[in-house]
Amino acid sequence: MEFKELIEARRSVRKYVAAELTKAEVEAIVTEALEAPSWKNREPTRYHVILDAALKECLRTQAMPEGNAAKCVNAAALVAVTFKKGLSGFTLQSDGTNTPDNELGDMWGAYDAGLASAYFMLAARNRGWDSLVIGIRDAAKAVEVLGLPADETLTAIIVLGKGDQSMPKPPRKPAADVATVR
């Protein structure tokens, strides 16, 4: 698929039909997503991919509000996207401490995770998988349910599956409304 077609084909899908995603397909998607840029090529983003039906159900029902939980029914996978703290936006000093390179500090980790998530969803779409980013969730409960490492920050949960709906292209603002060219 041409890039323009790919970015136009990726939509936030909120209803899925049952489909199975294999570990090999997940690894291929992650491998492609690893091409995303990151602060000093530190690659802080981590993907915790849940294929297990019982664990998906636990995450869906215990860590998401009802509306978002409903959007995950029949998902082939739920992907908890995190970043390792203290990698992006920091310089390791000779004494072993990390100091922020600017006022954003660990916010660069969230930025890198966002870029990586976009690459992940585009790679998935290119392989025929639909997706949805879940930002409204109980992060503490998701961390507990998944046993995520303490040195990682959860940024989002990505739903992967085969869409059970056709998503029309939403209107977009003209470039002149969002870009200042000087």
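Buried means under 20% relative accessible area. In this predicted model, the buried residues of helix α5 include Gly109, Asp112, Ala113, Phe120 and Arg125. Helix α5 also carries Trp108, which pairs with Trp39 across 69 residues of the chain.

**Aromatic pairs**
- The structure holds 3 aromatic pairs.
- One of them joins Trp39 and Trp108 in a tilted arrangement, with 4.8 Å from centre to centre and 45° between the planes.
- Trp39 lies in the loop between α2 (23-33) and β2 (45-50), whereas Trp108 belongs to helix α5 (residues 107-126), so the pair links distant parts of the chain.
- Trp108 and Tyr111 have ring centres 5.1 Å apart and planes at 75°, so this pair is edge-to-face.
- Trp108 and Tyr111 are 3 residues apart in helix α5, about one helical turn.
- Through ring pairs, Trp39, Trp108 and Tyr111 form a cluster.

**Exposure within the cluster**
- Trp39 has a relative accessible area of 17% and is therefore buried.
- Tyr111 is partly exposed, at a relative accessible area of 48%.

**Helix α5**
- The 20 residues of α5 reach 29 Å from the first C-alpha to the last, close to the 28 Å expected at 1.5 Å a residue.
- Other buried residues of α5 include Ala116, Ser117, Met121, Leu122, Ala123 and Ala124.
- The buried residues of α5 pack against helices α1 (3-9) and α2, and against strands β2, β3 (77-84), β6 (130-134) and β7 (152-163).
- Gly128 follows α5 and has a positive phi, near 95°.

**Charge over a ring**
- Lys162 places its charged end over the ring of Trp129, 4.2 Å from the ring centre.

Notes:
Residues are numbered from 1 along each chain as its sequence is written. This is a predicted model: local features need pLDDT of at least 70, side-chain atom pairs count only at pLDDT 80 or more; totals for chains, interfaces and linings use all residues. Side-chain values use heavy atoms; hydrogens and water are left out. Rings of Phe, Tyr and Trp (its six-membered ring) pair if their centres lie within 6.5 Å; planes under 30 degrees apart count as stacked, over 60 as edge-to-face and the rest as tilted. Helices (H or I, at least four residues) and strands (E, at least two) are DSSP runs, numbered from the N terminus. Buried means under 20% relative accessible area, exposed over 50%, partly exposed in between (1.4 Å probe, protein chains only). A charge sits over a ring if NZ of Lys or CZ of Arg is within 6 Å of the ring centre and within 35 degrees of the ring normal. The expected span of a helix is 1.5 Å times one less than its number of residues. Contact means heavy atoms within 4.5 Å.
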